[in-house]
Amino acid sequence: ATTINQRGDGATARANTFSYATSAAATVTYNNASASEDLANASTTFSNVANLTIAANDGSSTVDYDWDLESLAGGTALTDLTLTTGSDTEALDTGAITAANLENWTITTDDGNITVDTLVGAGELKTLTINNANTASLGHVAVGAIGGTTAADELTAFNVTTLGTSDAGGSTQVTVTSLDAEGATFTFDMNLAGDYGTSTLGTTTATSISALNITTGTLGTALNVDNFVATGNYGDVTISVGDAFDGDDDFLSTGSKTVGDVSLSTSALALNIAEGAGETFINGATTVGNLTLTASAAASSINIGHFEEATTVGNITFTGTGSIIWDGAAAATTVGNISGSVASGESVDLTTVSGSTIGASSGTIGTTTVTGAGTFNVDFGAATTVGNIDLSGMDATTSASTITLNSATTSGLTYTGSAGGDTFTSGSGADTITAGLGIDSIT
């Protein structure tokens, strides 16, 4: 049989076992299309099935019958697993899944929820895709720990994509307890549209993440992500959110490796990563690419922790239509150019925590160029060389700045102040200073 239809169990929870001929590598669809009641199995087992689709869609437009498999044992033949729900709100709960050779796993929810307890043995898993059916889908997805016993060390792609618009009313919330893919190098993509509620992702473990992309729309509440732990490198990291985002301390952790370009943007609310005093955004990496921070609306903001061990950091660019806070990179001996804009009534503070700085002893920091009518603050560490500082584009009376150099900075620079009130503390070099039009403090 290529299709198995489970209709009812009465008062008995059955241990359902479906065995195919040895080496059959069967393709099977298992559904509840003609169910007459909620279904609750004692267990669910398949053998010699290579491709399995479990489709929860009872076929009734008036009654929704939920389906609880209690557990799903796929056997050693199962390589491809698809879980779906239909256009009614019947829910599918697989319980814990065991499938030692599972390679490709797809979860697609329409209006019914899908719940998976765990997949602790994930040693052959290569792709995991979570999505919803269309822009009007209402079902949620909750997945427990993946790879808790045997890590998904062959994973190549983790992808979560949900659709939804304000007109269609789509609402899919996604929860993944944890993803242990230690040993794997993979791409991580998460794109949440529609009303994604408060979606959550626990710790993700890997050898390397070649690209990390997270995007959310403006119809949800928040996306909360614990952290990423890798022993190798990270590629480019892009996080672009329309609603609140929260990441934990040590958000990106690795050994003495590299992190590519980091781009963080928010169009509406707060994007916070390791925002507590003393918390770390990037832990362990010695080289970090360019950092781009964009708060594109007055109601938006960015608050991120420091780069703890980074000795090389690329260019730092910001757009402060909303306020931006960073805790700096005190260990960096090489830092690129700093540039950006800050709007009236907003502030950009690149070393906000007391004692936090950019630049370490004997280091080199590029030029600093800032425009706009807001407030800009930065404290430089004991770098030997700091490039020219140009605030002439901060040409409003509301503009203001506080910039502090360390006495260990012996290179001379050219400083040009803003049209507002500036506080500038120079280093030990022979500086050329042109004050702006406001009431300034220059020492």
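Setting aside neighbours within four places in sequence, S356 is in contact (heavy atoms within 4.5 Å) with D327, T351 and D379. Everything here comes from a predicted model, in which local features need pLDDT of at least 70 and side-chain atom pairs count only at pLDDT 80 or more, while totals for chains, interfaces and linings use all residues. Residues are numbered from 1 along each chain as its sequence is written, and side-chain values use heavy atoms, with hydrogens and water left out.

Let's stay with S356 for a moment. This serine is found in the loop between strand 38 (347-349) and strand 39 (364-365); strands are DSSP runs of E with at least two residues, numbered from the N terminus, and helices are runs of H or I with at least four. The side chain of S356 reaches the backbone oxygen of V353 at 2.7 Å. That is a polar contact: N or O atoms within 3.5 Å, where within protein one must be able to donate a hydrogen and the other to accept it, and residues adjacent in sequence count only if both atoms are side-chain atoms. If you look from S356 to S428, you cover 72 residues in sequence and 20 Å in space, C-alpha to C-alpha.

Now for another serine, S418, in the loop between strand 45 (414-416) and strand 46 (421-425).

T216 belongs to strand 19 (residues 204-216). Again leaving out residues up to four places away, T216 is in contact with L192, Y196, L223, S240, V241, G242 and D243.

Turning to the rings, the chain holds 13 aromatic pairs. Rings of Phe, Tyr and Trp (its six-membered ring) pair if their centres lie within 6.5 Å; planes under 30 degrees apart count as stacked, over 60 as edge-to-face and the rest as tilted. F251 and F281 make a tilted pair because their ring centres are 5.9 Å apart and their planes stand at 45°. This pair links distant parts of the chain, 30 residues apart: F251 sits in the loop between strand 23 (244-247) and strand 24 (252-253), and F281 in strand 28 (residues 280-283). Both rings also belong to a cluster joined by ring pairs, made up of F158, F188, F228, F245, F251, F281, F307 and W326.

| Residue | Relative accessible area | Class |
|---|---|---|
| F251 | 0% | buried |
| F281 | 0% | buried |
| S418 | 1% | buried |
| T216 | 7% | buried |
| S356 | 9% | buried |

The C-alpha atoms fill a box of roughly 85 × 45 × 25 Å, taken along the principal axes. Of the 443 residues, 48% are buried. Among contacts with a separation of 6 or more, 65% come from residues 24 or more positions apart.

Definitions and conventions:
Buried < 20%, exposed > 50% of the residue type's maximum accessible area, 1.4 Å probe, protein only.
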